[in-house]
Amino acid sequence: MRHVLLATLPACFFAFAAPAMAQDVAAATQDEAASEGDIVVTARRREETLIEVPGAVSAITAADQQNYVISNTADILRQLPSAALVNGGPAYTNEISLRGQGGGRNGFSESAVGVYRDGHYIAGGGFGGRGFNAVDLFDLQRIEVLRGPQGALYGRNAVGGAVNAVANRPDDEFGIRGSVSYNDIERTELEAVINVPVTADAAFRIGGFSYDQNGGFLTQLSTGDTIDTEETSGARAVFEVSPTNDTTIRVTYEYYDSTAPSFGINGYRALRNNLTTLDPDPFVRNISRLGYADITENSGYLDFEHDLGWANFELRGSFKIRDAGRTNDDLDHYLGFEGITSVFPPATPAQPIDLISNQYEDFSRSGLIGVLTSPSADARFSWLIGAEMQRNSSEVLLQNVGFAGAAAGLRAQLRDDDSREELESWAVFGAVEYDITERLALGLEARVQVDDKTFDFDRTRNSAASTAVEILGVQLSESWTRVMPVATLRYSLADDASIYGRIATGYRPGGFNVGIPSDIPGSGNLIPYDPEFATSYEAGFKLGLFDGRVYVEGAAYFTETEDVQIVTAASPTNTAFILQNGEGAEVWGAEIEARGNFDLAGGRLNFGLGLSTSDGEFKDGTIAIIGGVPTDLAGNRVNRTRDLIGTLNLTYRHDIGLGLEGFASTSFQTQLGGFENAENSREFEEFERFDARIGVDSGSWRFSIFGKNLTDEIYTIQTIANNAYLSDPRVYGAELSFSY
């Protein structure tokens with residue numbers, strides 16, 4: 001199949017070359033007169049069109065996901081200005097960075113972007129709690145991306161912004177949809193959804209998926225076997241009922257299960273520590289053990305909505321239980337000691353260093369949020385008040401075992417780290433907006449948040465050979481209270497044009513370092529780190545053109561972060577990283593988006609364009625411990641800022657007869673400049689990549705062939721402990737979907 005697609009694809013869409021920024025491309029069913037600025041979002045916890053929101057907001061629709069081969073968090077982020085992927089190795093560590101925030105992170109720290117599902121906060125934990133997994137992106141209506149601090153309303157951890165994935169709800173029409181796709185790495189994806197109305201006021205929506213990848217890109221040097229295979233499955237069941245005209249109740253249950261490669265398989269390590277070749281090729285692993293991560297989640301959501309007449313009331317509750325672990329990770333490969341022999345104890349035969357790392361997490365989260373909003377957003381004065389509660393518990397066990405050789409630093413790896421972190425968070429928030437005149441509106445928001453954390457930690461040696469510094473009976477607690485105000489001023493130049501100014505604040509809690517150095521006496525003092533607090537100043541515009549067929553928005557911003565969290569390594573032989581606080585950082589940038597649709601040659605062309613640039617520097621007095629040495633970061637460029645992030649999307653549809661539409665879409669993405677790390681020792685690799693899809697659509701079924709990364713652009717996303725984590729090579733595939 002690969003050779004057939006290679007021959008066919010370039011000829012079919014050579015005239016198209018790029019991706020889209022959040023247009024509402026409801027494919028063949030889109031109303032041709034619909035305004036691109038009329039996409040409805042919930043950026044301020046009430047339904048508004050994009051052009052009404054005084055802030056930078058993007059929306060990626062279900063049609064965008066289909067047209068532009070968007071299937072995971074990394075694909076989503078490449079569609080957005082001022083967005084980047086923070087990758088810590090395996091896919092479950094992927095994290096969202098918006099506007100240069102989120103560079104300071106480790107595997108179990110809090111994210112710098114709020115991650116939401118249908119308005120429920122869903123982040124937390126180390127095994128997948130930093131972004132979206134496959135079930136979060138299944139059967140979606142849209143993805144809302146709110147750039148800039150969202151401290152008041154979508155406030156938790158929203159220093160860089162917030163992302164809200166909105167799923168399809170049950171409706172009053174019976175329907176079935178499904179899809180099957182296959183690509184040239186032997187990946188089969190099956191999806192099915194059924195919507196069943198029970199009565200005029202109640203309906204079920206049930207769906208599931210199975211993704212099975214038997215091939216891949218990575219092979220084991222000793223066997224030649226493909227080792228980056230994956231299995232992922234999930235299901236969602238939703239019941240919605242409206243017992244009265246004023247009340248709606250929705251109950252959702254979700255299940256998710258995944259087995260995928262862990263750190264050792266994913267990481268490309270070119271050289272051993274003795275500077276001899278380790279991995280002979282970026283896609284060949286000289287590895288003796290195959291480590292995989294297994295993640296199982298059970299989640300539930302309750303949504304209650306009631307019209308009180310004088311106000312609208314919403315109550316949302318949620319829970320998540322995650323059982324996860326990575327086992328049999330090849331730690332000596334990760335550290336660069338694969339194949340190196342050593343003698344220990346003295347006078348024993350030399351043998352290869354062989355270290356195995358296992359890690360397990362039991363995570364649970366529960367949340368409750370209640371919101372009252374004024375009955376009509378069209379009134380001159382509107383208001384919102386709410387309260388929120390979150391409880392998290394994360395129990396983590398790290399076990400490193402095996403033969404470490406004679407080096408004391410390596411023998412310090414032989415240990416068990418047992419930790420438990422619990423969070424209890426309470427918040428109240430509110431917002432008012434007043435139309436001073438018919439064109440000028442003033443908005444004020446505020447959030448008061450209290451976070452209480454406790455942390456228990458024990459480190460013990462698990463071998464007589466271990467030199468780890470034991471740390472026993474650590475019991476810590478921290479509490480932080482923050483007030484996060486927001487003010488906006490919006491002026492309507494016309495019905496389809498406005499300008500705005502926005503001052504917003506955001507806060508990311510502190511926490512406790514799980515991966516503290518195992519070979520430094522007194523390193524227990526490095527366990528806690530403090531919160532960071534951001535204040536952003538933003539000005540922007542929103543503009544509809546050509547009777548709403550084109551929508552353009554732009555913004556410029558300046559963000560100042562106090563007590564910025566910085567990720568560093570405190571010891572050259574420590575496998576994990578720690579977070580420390582620096583004096584502060586400043587980030588500034590600008591972004592613009594445009595999307596629209598035009599009649600062209602008897603068909604319809606949809607387009608989208610996104611461009612952004614950002615820069616920043618650490619303030620005087622910002623010092624971090626890097627490689628065991630205090631390092632002055634003052635004046636260094638803030639990591640995760642990029643000189644240019646660009647996207648361009650095109651989709652063209654045309655009637656081809658027999659009740660069919662032909663379509664072709666293409667997506668171009670590029671990112672240039674910037675640094676991976678705070679010490680500015682590793683520059684980001686630049687990339688330009690193309691995705692594309694071509695097919696036919698009958699309205700009830702659709703067949704397409706697609707390609708991702710058509711030019712086979714290979715670049716490093718992140719380097720950790722001299723392990724490079726790379727982009728995926730080119731993939732071709734075919735998809736058949738139906739909807740009745």
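Reader: Is Thr488 buried or exposed?

Author: Before the answer, please note that this is a predicted model, in which local features need pLDDT of at least 70, side-chain atom pairs count only at pLDDT 80 or more, and totals for chains, interfaces and linings use all residues. Residues are numbered from 1 along each chain as its sequence is written, and side-chain values use heavy atoms, with hydrogens and water left out. Buried means under 20% relative accessible area, exposed means over 50%, and partly exposed lies in between, with a 1.4 Å probe and protein chains only. Thr488 has a relative accessible area of 5%, so this residue is buried.

Reader: In which strand is Thr488 found, and which residues does Thr488 touch?

Author: Strands (E, at least two residues) and helices (H or I, at least four) are DSSP runs, numbered from the N terminus, and by that numbering Thr488 is found in strand 25, residues 471-494. Contact means heavy atoms within 4.5 Å. Not counting residues up to four places away in sequence, Thr488 touches Pro54, Ala441, Leu442, Gly443, Gly501 and Arg502.

Reader: How far apart in space are Tyr507 and Asn157?

Author: Tyr507 lies in strand 26, residues 497-508, and is buried, with a relative accessible area of 0%. Leaving aside neighbours within four places in sequence, Tyr507 is in contact with several residues, among them Asn157, Trp480 and Phe533. Although Tyr507 and Asn157 are 350 residues apart in sequence, their separation in space, C-alpha to C-alpha, is 5.7 Å.

Reader: What is the count of salt bridges?

Author: A salt bridge is a side-chain nitrogen of Lys or Arg within 4 Å of a carboxyl oxygen of Asp or Glu. When this rule is applied to the model, the number of salt bridges comes to 53.

Reader: With which residue does Glu538 form a salt bridge?

Author: Glu538 is in strand 29 (residues 532-545), and its partner is in the loop between strand 5 (95-98) and strand 6 (113-117), 439 residues apart from it. The closest N and O atoms of the pair are 2.9 Å apart, and the partner is Arg99.

Reader: Which residues are linked with Arg99 and Glu538 in a network of salt bridges?

Author: The pair formed by Glu538 and Arg99 belongs to a network of salt bridges. Besides Arg99 and Glu538, the linked residues are Arg147, Lys542, Glu553, Glu591, Glu593 and Arg595.

Reader: Why does the salt bridge of Arg187 and Glu230 tie together separate parts of the sequence?

Author: The closest N and O atoms of Arg187 and Glu230 are 3.5 Å apart. Arg187 lies in strand 11 (residues 187-199) and Glu230 in strand 14 (residues 230-244), so the pair joins parts of the sequence that are 43 residues apart.

Reader: Are the two residues of that pair, Arg187 and Glu230, buried or partly exposed?

Author: Arg187 has 15% relative accessibility and therefore counts as buried. Glu230 has 27% relative accessibility, and so this residue counts as partly exposed.

Reader: How far apart are the closest N and O atoms of Asp417 and Arg415?

Author: Asp417 counts as buried at 2% relative accessibility, and Arg415 counts as buried at 0%. These residues form a salt bridge, and the distance between their closest N and O atoms is 3.2 Å.

Reader: How much accessible area does the nonpolar patch on the surface have?

Author: Patches are made of residues with over 30% relative accessible area and no salt bridge, where like charges are joined within 9 Å and nonpolar side chains (Val, Leu, Ile, Met, Phe, Trp, Tyr) within 5 Å. Strand 10 (175-183), strand 40 (701-708) and strand 43 (731-739) each supply at least two residues of the nonpolar patch. The patch includes Tyr740, which is found in the segment after strand 43 and is exposed, with a relative accessible area of 58%. Accessible areas come from the Shrake-Rupley method with a 1.4 Å probe, only the protein chains shown counting as cover for residues, and together the residues of the patch have about 840 Å².
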